[in-house]
Amino acid sequence: MALDLTKHGKRLVATIVKEFQTIQAFEAWISQHILNENVANIVGQNGLFNDRAFDLLSWAISKGRDTEVLQMLADDPPNGSPELPNLIYFVTNAEVEPAANKRTGIKPIDPHDDFFVTQRPFANRRNLRDVLKMFDQAQPGADSVLVIDGDRYTGKSYSIRFAAQCAPKDRAVVVDIGRWKSRPLNVKELATWILDYKHQDAPSFDETKEDSAVGPMLTWLTAKLKGTKAWVIIDHCNRSVLTRPAADLIVELAGSIENGLLPGVKLILADIERANLPGVLPYRSHHDRAVLPNEEAVQQWVEALATHLEKTVTKQQVSDFVNGAFDGIKVVITPAGGAVGIGNEPTIDQAAMMLEQRLYKIYDNIRAL
Amino acid sequence: MAAMRTTAPDSLDSTPEWPYLAGAAVLTAFDADTLRPLGGGEPDFSQVTAMLVRHAEPIKAGPDRGRWRLRDDVRRGVLRTLGSREQIQAALAANVSERSDDSTQRALAELVSGKTPPSLDGRSFEDLLGWERAVEWLGATRITGLPSRVDILERIERHKLFTNMTRLVVGFEGRVDDLRTLRSYVDHLPSESVLEALGRFAGRIRDAFRGRPPLVIHGPGGAGKSTLISKFILDHAGHGRAKPMAFVLLDFDRRSLDPAKPDALLTEVAQQVRTQFPDLAEDSEHLISATGAALAAEDVSDYSKSDFDASATARRGLVELLNRIASRDNQNILFVLDTFEIVQRRGPTAVYTLLRFVAELLVEVPRLRVVIVGRGVLRKQDFPFADDVPEWTPMPLRGFDPVAGRAYLRARLKTSDVGAVSDAQLDRLVQQVNGNPLGLRLAAQVFAREGLAGVEEAIGRQRLSAAVEEERVQGLLHARIVEHLEDEDLKKLADPGLIVRRLSVGVVRDVLAKPCGITFEKTTPEVLFDALRKEVSLVEELDEKTLRHRPDVRLIMLPSQRRRLSDIARRIDDAAVSYWERFPGPAERAEELYHRMWRGDSVADLERRWMPAAGPLLEDALDEFYVVAPEGAARTWLSEKLRRELPEDVRRQADRRVWERDVERKARTLMTSGRFDEAQKIIHERPLSEWTDNSPLWLIEIDILLLKKDGVAQAGVVIRMALDRLKNTDDPDLALALLQRRVSAEERMEDRTRAYESAVESLALARTLRNPVSIFACGVVLLRLARQTNRLGEPEIVSLRTELVGLSKEDAILRALPERPSLMREAAAELGADAPGLLVLALERLGLEAGAFANLAAGSGLTDELVKFFQRGTMPAPGTRDTLTMRADWVHDIAKGVGSGLVSRESLQALARFYAASVDRLLKQTFG
């Protein structure tokens with residue numbers, strides 16, 4: 001990543017100055033974080049605070065260390081204020097996320113066991129966590145395909161984000177078809193997206209014969225994916241923006257992986273009819289069914305989180321937390337497996353949102369113990 | 001570690017970032033710098049960034065790259081909190097300048113601006129996509145009067161059905177006679193003239209005797225066949241028609257439509273019916289489910305026990321559905337099979353199977369009208385193996401008429417820098433080439449460069465009076481285009497360089513330059529390649545770096561070019577092989593193989609370089625070889641690789657092995673569709689005495705005999721003969737397969753003792769082969785016979801059972817079972833009580849037959865926990881198979897229960913007993 005100083009420099013400098021307050025604090029931070037480098041080599045010693053802040057950013061860019069320096073600023077901001085990390089999140093287009101605030105004493109954790117996904121509580125999915133732990137070592141074939149399904153608003157996309165969090169950063173691409181604008185997504189656009197727009201030489205095709213483009217596009221796609229060991233993560237496979245040939249391409253790509261044509265490449269699909277996948281995938285692919293957490297899952301989440309935060313919680317406290325989380329939420333499972341609210345009870349998406357808010361509260365309460 | 005919040009939010013609207021959340025929630029995308037808060041006031045950027053971190057994500061591609069959007073779940077939460085039209089309007093008003101010009105944004109604004117649901121009629125495809133998303137977002141609010149999302153989705157699917165057709169008919173003109181012929185055949189709209197009405201009347205009388213045979217439209221590529229049928233469908237069923245015609249369009253250009261499996265087409269038919277008739281969604285779903293069951297019952301290796309009932313049930317479902325539409329709406333239904341040349345490529349048996357399928361449908365659905373569209377002519381003599389080849393009515397699509405030809409030429413000349421062109425000039429061009437589309441395309445190119453005089457000079461003024469073959473005219477035009485290329489090097493590149501199919505800068509430099517005499521003193525490979533790219537009548541772009549010689553032009557010029565340039569062609573082939581063999585990909589391997597075949601490499605060499613992924617890229621090459629290449633082993637080899645049947649004359653003269661392989665392929669295609677008599681006729685093309693000792697045809701012959709009511713004795717004779725002949729050679733796999741058939745034959749003759757002995761013998765042979773699937777299959781049969789003869793308690797059977805339970809967990813078995821449903825059912829029956837995974841697999845794949853639930857629940861040993869699982873679903877409809885694939889929840893729960901020990905052994909035994917009863921009943925049906 002190359003930080004664009006002409007676009008964001010002024011705002012970043014102003015926030016650094018505001019947050020550090022003094023040149024001494026700023027330079028002390030530099031000496032603590034950028035080792036083996038004299039502070040005077042990084043920032044001019046005669047300039048104003050603004051100039052020095054600008055110097056740090058320019059130095060980081062010139063050394064190709066801008067991401068590293070911004071990450072350190074986001075991880076360990078002056079006075080623990082969130083303002084600078086938030087700004088860094090913005091200027092880096094979300095590439096540098098504010099990590100756990102070290103002053104809270106939270107220890108790092110294996111992403112597969114994380115309590116949060118994209119800052120939101122993630123309580124359950126034991127099966128998904130287990131699959132993802134071993135997924136990078138999966139054998140070629142059906143073992144390299146994971147299908148996530150479930151009813152609406154039960155957290156399929158949430159599972160996808162979790163999978164993305166567990167995927168090797170440099171080998172993963174997330175194709176969220178739900179993010180496509182309101183126009184048809186054709187087979188070529190999808191193939192290019194799956195390759196994260198790194199290749200622009202996809203075969204041309206006649207728009208009146210998009211069906212016949214599926215074969216050449218698959219050949220091109222598999223040739224590009226071969227040997228990359230990529231994790232291709234596709235969400236919202238049933239969206240209506242997909243043209244029929246584009247939808248066929250997803251199925252065919254799954255078939256190529258099932259046939260062992262793309263050893264090392266992993267495919268995670270959400271919102272797709274597993275039974276319609278080719279070969280043995282309906283039976284032999286990994287499968288995770290998204291459901292809202294139940295009492296048992298929330299209880300495990302509370303206990304594990306407390307342990308991780310090195311807090312002691314009594315059985316009664318755990319019980320209170322869990323009961324509080326589900327207070328007023330009564331969902332029933334319909335014959336088709338979907339969950340709906342009864343009468344004035346919350347609908348499934350409302351229930352999901354309520355649970356999330358309550359898990360946040362629980363997290364705060366445990367930290368406060 | 002991922003980010004963790006440090007403070008918990010209260011309700012969304014009490015957080016400091018709420019005004020920005022509200023602003024962002026009504027925007028499809030926003031710029032963080034200019035986002036305005038709900039309620040106005042100066043933005044606080046620190047609150048904006050706090051909102052971004054918690055609730056938004058950056059857009060990293062497309063026109064909105066660099067902007068942000070709210071996560072969908074947060075958006076729904078915010079919209080729910082905003083709740084009312086007024087609040088959402090206020091949030092929109094705060095950010096008027098931030099609104100993108102996309103259909104979702106427009107739909108959102110429109111939906112909150114009025115209280116009555118806006119009409120969906122006449123909305124474009126993109127508009128509907130936007131509406132769907134906006135309605136989904138607003139579904140969380142208290143806003144009433146929103147259009148139904150289901151209704152929008154139905155309209156979107158309907159638009160998708162027409163998208164390609166709408167694109168195809170842009171600029172369509174003429175073809176009046178052809179449209180009239182179609183109108184008369186389909187007979188949906190009233191006649192447009194008295195003459196047409198009379199013609200239709202005569203047609204009805206004629207069809208009453210002939211059974212309304214399918215109309216087969218055939219013509220060369222580019223003639224506008226698909227465009228014609230699209231125009232017809234849009235005229236009869238397109239948007240805004242008062243009484244839209246019901247239609248099904250199966251385009252074999254779609255890879256997932258397998259012409260060899262008519263049953264698999266039913267799913268697509270059902271989906272198209274569901275799209276056109278949402279009120280019949282339930283019936284369509286039922287058909288999809290039945291089709292799934294039929295496909296699940298297909299056994300790749302065991303015809304004698306395949307459940308053809310499932311196929312019949314699915315087809316019956318289709319007939320009922322189509323008849324229901326026809327009678328309810330009092331209309332004929334159009335059923336189109338497009339790009340039929342793909343089926344024809346497969347060979348006559350695939351074509352025959354489909355024609356029979358269609359013919360049977362026509363009998364069962366009196367108001368069905370079938371139109372088949374393809375390049376090749378259908379000929380009765382292509383089906384010598386069948387006595388009941390269905391009738392059809394050919395409709396050759398000749399060249400464009402003057403009106404259509406004019407429109408076509410004007411469209412092509414639009415991109416050329418030619419001045420005004422009169423209708424008279426265009427009409428003359430159309431006449432010169434007989435309206436042939438390829439001829440027109442080439443003539444347009446010559447005309448654009450040299451005017452009418454150039455065209456007449458190229459093909460001669462006598463063209464108007466002399467019957468010169470169309471292809472010769474096209475060849476002359478092609479030669480003229482090449483001759484008049486302005487650049488001498490480009491001319492050399494086009495002739496002889498276009499002997500290659502695929503061109504890149506590397507091919508120009510390393511393959512063509514030397515044989516074509518190009519020295520690059522005045523030019524570079526890059527410049528030449530770019531110049532060739534502009535010759536659109538000769539080449540088409542595959543991607544930015546690759547061109548392809550147009551296949552239609554290629555077939556015209558290649559024969560003469562190959563003859564004329566045999567030595568140079570050989571040098572190009574050699575250079576091309578050396579060039580392409582350096583690359584690893586399938587596209588490159590296809591070119592290497594193509595040139596190897598042209599230069600006559602041995603089959604052994606071709607086999608050594610074969611790569612399955614290159615196969616589809618050689619389909620066109622095989623077409624080419626059948627037109628221009630000499631006879632040869634390479635051609636036969638490629639036919640086999642591409643699973644294409646050999647042409648009649650080639651097969652008849654082929655040696656025994658090649659003939660047997662081809663005939664086996666044909667017979668299996670026919671057997672998959674239950675055409676056993678035709679399959680038998682094909683394999684008897686040569687007498688049994690001429691079959692090789694280990695011919696694959698022995699098994700086909702035996703399987704067919706075993707399925708015939710009085711064929712078992714004959715099957716026994718053939719089995720003995722085959723086993724006897726097998727003594728001359730070493731083929732233990734075939735020996736095992738024959739022994740397995742012997743078990744079936746003896747069971748069929750109710751000689752269980754001998755059947756048991758044969759099963760013991762086959763298991764012993766399977767053990768020597770060390771193939772786990774064979775051991776498993778033979779072992780399961782032996783267990784069944786032991787159960788039926790009360791030998792389950794014998795020590796060797798107990799030990800075998802333990803062995804098979806262990807085997808059932810092996811990957812090889814789990815991979816094989818989904819393709820062998822008969823074996824899966826038997827395995828679930830014999831081993832399910834001890835191998836619950838097999839039961840789960842069988843439940844998921846085969847489901848439970850109708851009525852099974854009632855039997856299971858009524859005191860058959862099924863314990864409460866499984867009854868509970870089944871009660872969660874609805875009962876299967878009478879007379880249908882419940883595949884359970886639609887009820888993934890059940891299987892999921894059962895699997896979970898089985899894995900965790902929640903499901904008792906009694907329940908497993910009960911389920912296994914169900915499958916055992918099912919196996920016994922099916923065997924009785926097959927043998928009985």
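Student: How far apart are the closest N and O atoms in the salt bridge of B:Asp388 with B:Arg356?

Tutor: This is a predicted model: local features need pLDDT of at least 70 and side-chain atom pairs count only at pLDDT 80 or more, while totals for chains, interfaces and linings use all residues. Residues are numbered from 1 along each chain as its sequence is written, chains are lettered from A and ligands numbered from 1 in the order in which they are written, and side-chain values use heavy atoms, with hydrogens and water left out. A salt bridge requires a side-chain nitrogen of Lys or Arg within 4 Å of a carboxyl oxygen of Asp or Glu. For B:Asp388 and B:Arg356, the closest N and O atoms are separated by 3.5 Å.

Student: Which helix holds B:Arg356?

Tutor: Helices (H or I, at least four residues) and strands (E, at least two) are DSSP runs, numbered from the N terminus. The pair links distant parts of the chain, 32 residues apart, with B:Asp388 in the loop between strand S6 (368–374) and strand S7 (393–396) of chain B. B:Arg356 is in chain B's helix H15 (residues 348–364).

Student: What area is buried between chain A and chain B?

Tutor: In terms of contact (heavy atoms within 4.5 Å), 82 residues of chain A meet 81 residues of chain B. Buried area is the accessible area (1.4 Å probe) that two parts lose on being put together, summed over both. Carbon and sulfur atoms give 50% of the total between chain A and chain B, which is about 7,300 Å².

Student: How many salt bridges join chain A and chain B?

Tutor: One example is A:Glu252 with B:Arg255, whose closest N and O atoms are 2.7 Å apart. Over all chains, the whole structure has 108 salt bridges. Between chain A and chain B, the count is 10.

Student: Which element gives the most residues to the side of chain A that touches chain B?

Tutor: Elements giving two or more residues to that side include helix H6 (83–91), helix H11 (244–258) and helix H15 (348–368) of chain A. The element that gives the most, with 9 residues, is H15(A).

Student: At what angle do helix H1 and helix H2 of chain B pack?

Tutor: Axes are lines fitted to C-alpha atoms, for helices over the stretch in contact, and angles run from 0 to 180 degrees between N-to-C directions. H1 (residues 18–25) and H2 (residues 45–55) of chain B have axes 9 Å apart. B:Tyr20, B:Leu21 and B:Ala24 of H1(B) meet B:Gln47, B:Val48, B:Met51 and B:His55 of H2(B). The angle between H1(B) and H2(B) is about 60°.

Student: Is the crossing of H27(B) and H28(B) left-handed or right-handed?

Tutor: A crossing is left-handed if the near helix is turned anticlockwise from the far one by less than a right angle, and right-handed if clockwise. H27 (residues 619–628) and H28 (residues 633–641) of chain B pack at about 145°, their axes 10 Å apart. The crossing of H27(B) and H28(B) is left-handed.

Student: What is the phi of A:Asp271?

Tutor: Most residues other than glycine have a negative phi. A:Asp271 lies in the loop between strand S6 (266–270) and H12 of chain A. Although A:Asp271 is not a glycine, its phi is positive, at about 65°.
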